Each structure stands twice: as structure tokens, then as C-alpha cells.
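Please look through the sequence and the model below before reading on.

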Amino acid sequence: MRSDTTTALSQDFVRQLADQAFSRSAGAPLIAGNQLALLYDSTDNFPAWRQAIAGAEESVFIEMYIVANDRFGREIRQLLIEKATAGVRVCLLYDWLGCWKPWLSGFFRPLLAAGAEVRAYNPPTLTGGLSLLGRNHRKLIVVDRQEAFISGLCISSSWEGRPEAGIAPWRDTGLSLRGPLVREALAAFADSWASCGQALETSWLADAAPTECGTIAARLIATTPSTAHMMRLDLLIASFARRTLWLTDAYFMGTSTYLSALKQAARDGVDVRLLVPRSSDIRWIATVSRTMYRPLLEAGVRVFEWNGPMIHAKTAVADGRWARIGSTNLNISSWLANREIDVAIEDESVAGKLAARFLQDLEQSTEVVLSGHKRTPVLTHPRQRQQASLRFPNAGHAARSGASAAARQAARIGDALGAVVRGTRSIDSSEATAFLTIGLSLLIFAVLAALFPWLVAGPLVFLLTLSGGAIVLKALGLYRRRNEKKQQSAATKNNLKPPAPPTT
């Protein structure tokens, strides 16, 4: 009896410790009482957005990386114009870089004319400098402060594909959310809104207290450039996963620390699987992702490439109990430079549904494997897989099964370059091509720099001028602000002095 009691107390302590670690890493508490529905692709997400916005009676708050000037973008704009004209509070925050083409074409002017409030996040300025690299990559819609939509989808017809040209829709995942967590989503929007101008009136947040309407416990992680909440949580999940860790990512470029966490989990017997695009709307990222395959595969991580035109989802599911959905990609830009928003869900039902969808996605994917004694990743035509291989991995060897499928040759150039510079690991003979590529590239660059110095000097002068000018302008602004404070302080002191006694 004493042993059972001790075990129960120990397990309870571990759960409390894990919850505390998750809360501190995510910078967000676990909030219960929510209702959540998974939404897949544009076929689920776009109709849900249309219906919610069309039914708005009080407010529509949107924080979106891309609002495209295409069929779906114009449809949403028209809905927002109608709502603003009817007196509904409409606030749209778009990312300037993601929307520079609509911005140039005056796409947002009709919204402003209808009474909507529209702001651009981080437009180029003389004082911006290299902060232009940090973007607002969130995809968030909050309607009437009662329902929130969070996803990887933007307001763009790109997600619907081009059926007339035989181009399939993009694969993506989102969710609709009701309950107490909606207030956290609204607070995240308000923080971004305030970073671009006057803050949202506090009454909008003070009055927003959706009651419990479900049984799902989740965290809302609103990452900003000054935090690394999602990066810490992703690393923590990779460490805590005991049986499975299934990842879908659109632009995978994991840091060496994260790659190490995935490899260590696979070596410990965790069934680690990574699903990424084969073809991407940003081609060079897909190429860089392939350079990371070999060390992952050697550690036992299973890598799959999506057969369709693009998989844009950013999801994770671990041990059939924990899941996350949102805008954060597994790369340094999402983790450290951008504003991102994700929901981490601790619910077996939701995690089970997301795991089932992951397995369904694998049916439309091709597995990458190491090819024979060369130990290099190759990709061939999709092979016929046994369902048991996908669903029920052998214990301790889950990530190592399936060693006969294929992907095109990819040497891990980034890892090899790091090894050259740091000398932190042994080099395998299969990396000869990577080292040759690196060496020849550096030699070619050296020759070009010697023959055409402006190739180096020009970009360097531009960056130094941009950064130096931004810093000088910032310093002048700070000097001006300091002088204004001194003048205000002196004026205040003069006003407080007692009047001089009358002379006789």
C-alpha cells in the first residue's frame, strides 16, 4: 500500500513539474473549458471564416500575414466593408512585406473608406534598419470576442489551388476556438495592434470574458520577436515525448539544437516522423531542408515528402495526448524573429484526431530513406507501404523501420559546414560531396571578390549605411525626447515656484 501511495505521489509530482515546465516555456498557462474544432484545408477553413464574419454583430479583429488581391481576398474585403458600414468594429492588421503588392495597388483603401481600421505591421522606414527582417506571420481572426480562428492559412486563393489547371489545393490545418482562451487570443491581437499605433481601448479586453463552453484544456502561445516561447516549447516536447512525435512543417530548417533533440528522441526509441513538402512555393527552403535529412535518418527519424503541390501546415502531435496547431514553422525566423501564434492542446481526443490525419497525409507522401551502403538519402517513386508500418511501429525501432523507400541525393551541407568551422563531430565519407561543394563555392567567391571588389563592397556599404543611418536617426530622436523632458521638467518647476513678493 505504501509503495502504491509513493508511486502515485511521485507521478503527481512529475505531472506538476511537467505542467510548470510547459507553462514557463510557453509563457502561457493551461486554460480549461474550451471548445475546439479542427479545420482542414481551405474547404473547411474558408467557409467557417466567411460564416463567422458575415454573422458578426459587434467586432471583427484580424491579424494576417497575407491578404491577397485575388478572388478570396476580395470576397473577405467585401464582407468586412459590409460589416464596417453596418457599424461593426473592424480592425485589420496585415504584414507589410506579406501584402506589399495589395498595398501598392490600393487594395485596402475601400476598407478605410467604409470606416474599418487598417494598419500595416513593420513597413519600411528610415529608422527601421534590419528590423525589417522581423515579420508578423500570424493568422488570427477573432469575431465578436466569442470565437477565434488560428491556422496556417492566409486570406488568399492560393490555398484553393487551380482546378482548371489541374493544380490541387494546398494542404493546411487550422482550428476554431470558443471559451476562455478566446480572451488570450484577443489580448495577443491587442498587443500587435498597439505595436503599430494607438492601443486598443481597454474596455474591449476588460469586457471580453467568454465563459467555459467545453472540456478542452489548451495554451495560447503568442510569440513576439522579444521571446522564444514556441522554440522552448518545441524543444521541451521533443524531450518529453515517450512514444511518438509526429511533425508536419512547411519550411523546415531546424537549428542544430532542435535537430539534436529529434535525433536523441529517435535514438531513445521514440517514433519521430517529419512530413515536409517535396515542392514548395519558396523553392530554396525545400532545398535547404533536404540537406538536413541524412543525420536525422541515421538517428532513426522517419522523413516523408508530400506528393502534392504544397503542404503548408504547421502541426505536431506527441504521444496521442499533446498537439499544437498554428503559424510557427520549425525554423529560426519563426522561433526568434516573427510574431507567431499557436495553440498547444492537451486533450487525447483532439490529439487522436490530428494523429489520424497525419497518418492519412502519409498515404499521400513518399518516405525518404538511406540508400544502401552509401548511406545517402534518395527519393524514388512512391512505394506500396504496409499499413502496419505506418500505424504500429515496432517498439524501440519505430523510427528505423521502412528502409527501402527513396529521395533524391542530398548532402547535409549546413551540418558539414558547421563541422568544418567547429570541428564538433566526426565526418562521414558520404559528406565528400558536401565538402567539395562548400570548398569550391568559397574559392569561386574569393575569385569573384578579387576580380570584382564591388560585389562585396556594394552590399556591405548598403547594409552599413542602412543600419548606421537608422541608429543615428534613432539616437537623434532619443536626444530630442530627452531635451523635451528637460524642458517640461523645467517648466513644471517654474510653475510650482511661489510668486515673488511684491516690491515696496
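This is a predicted model: local features need pLDDT of at least 70, side-chain atom pairs count only at pLDDT 80 or more; totals for chains, interfaces and linings use all residues.

Residues are numbered from 1 along each chain as its sequence is written, and side-chain values use heavy atoms, with hydrogens and water left out.

- Helices (H or I, at least four residues) and strands (E, at least two) are taken as DSSP runs and numbered from the N terminus.
- Strand β1 spans residues 31–40, and because seven of its ten residues are buried, it is largely enclosed by the rest of the structure; buried means under 20% relative accessible area, exposed over 50%, and partly exposed in between, using a 1.4 Å probe and protein chains only.
- Two strands are said to pair if DSSP finds at least two bridges between them, and β1 pairs in the antiparallel sense with strand β8 (residues 216–223) over two bridges, where Ile31 has Ala218 as its bridge partner.
- Strand β7 (residues 173–178) also runs antiparallel to β1, to which it is joined by six bridges, and the bridge partner of Tyr40 in β7 is Thr173.

**Cavities**

- A cavity is a set of points, on a 1 Å grid over the protein atoms alone, where a 1.4 Å probe fits but cannot get out, and its lining residues have an atom within 4 Å of a point.
- Grid points are joined across faces, edges and corners, and a volume is the space filled by probe spheres set on the points.
- A search of the whole structure on these terms finds five cavities of 30 Å³ or more, and the largest cavity holds about 70 Å³ of space.
- The lining of the largest cavity includes Arg171, Thr173, Trp246, Asp361 and Arg357, and the elements that give two or more residues to this lining are β9 (244–248), β12 (315–318) and α13 (348–362).
- Helix α13 gives the most to the lining of the largest cavity, with four residues.
- By class, the lining of the largest cavity has five nonpolar, three polar and three charged residues, where Ala, Val, Leu, Ile, Met, Phe, Trp, Tyr, Cys and Pro count as nonpolar, Asp, Glu, Lys and Arg as charged, and the others, Gly among them, as polar.
- The second largest cavity has a volume of about 50 Å³, and its lining divides into eight nonpolar, two polar and no charged residues.
- Tyr251, Phe252, Pro277 and Tyr293 are among the residues that line the second largest cavity; β10 (271–277) and α10 (283–290) each supply at least two residues of this lining, and α10 gives the most, with three.

**Aromatic and charge–ring contacts**

- Rings of Phe, Tyr and Trp (its six-membered ring) pair if their centres lie within 6.5 Å, and planes under 30 degrees apart count as stacked, over 60 as edge-to-face and the rest as tilted; by this rule the count comes to twelve aromatic pairs.
- The rings of Trp49 and Phe72 have centres 6.3 Å apart and planes at 40 degrees, so this pair is tilted.
- Because Trp49 lies in helix α2 (residues 41–54) and Phe72 in helix α3 (residues 71–85), the pair ties together parts that are 23 residues apart in sequence, and both Trp49 and Phe72 are buried.
- The rings of Tyr258 and Trp335 have centres 5.2 Å apart and planes at 65 degrees, so this pair is edge-to-face.
- Because Tyr258 lies in helix α9 (residues 256–267) and Trp335 in helix α12 (residues 332–337), the pair ties together parts that are 77 residues apart in sequence; Tyr258 and Trp335 are both buried.
- Ring pairs also link Phe61, Phe189, Trp193 and Trp204 into a cluster.
- The charged end of Arg357 sits over the ring of Tyr40, 4.5 Å from its centre, the criterion being that NZ of Lys or CZ of Arg is within 6 Å of the ring centre and within 35 degrees of the ring normal.

**Loop residues**

- Asn122, in the loop between β4 (117–121) and β5 (139–143), has a positive phi of about 55 degrees although it is not a glycine, and Asn122 is buried, with a relative accessible area of 18%.
- Asp144, in the loop between β5 and β6 (147–151), has a positive phi near 55 degrees and is buried, with a relative accessible area of 17%.
- Pro309 lies in the loop between β11 (302–306) and β12 and counts as partly exposed at 32% relative accessibility.

Technical notes
On a 1 Å grid over the protein atoms alone, a cavity is a set of points where a 1.4 Å probe fits but cannot get out, and a pocket is an open set with protein on both sides within 12 Å along at least five of seven lines; lining residues have an atom within 4 Å of a point.
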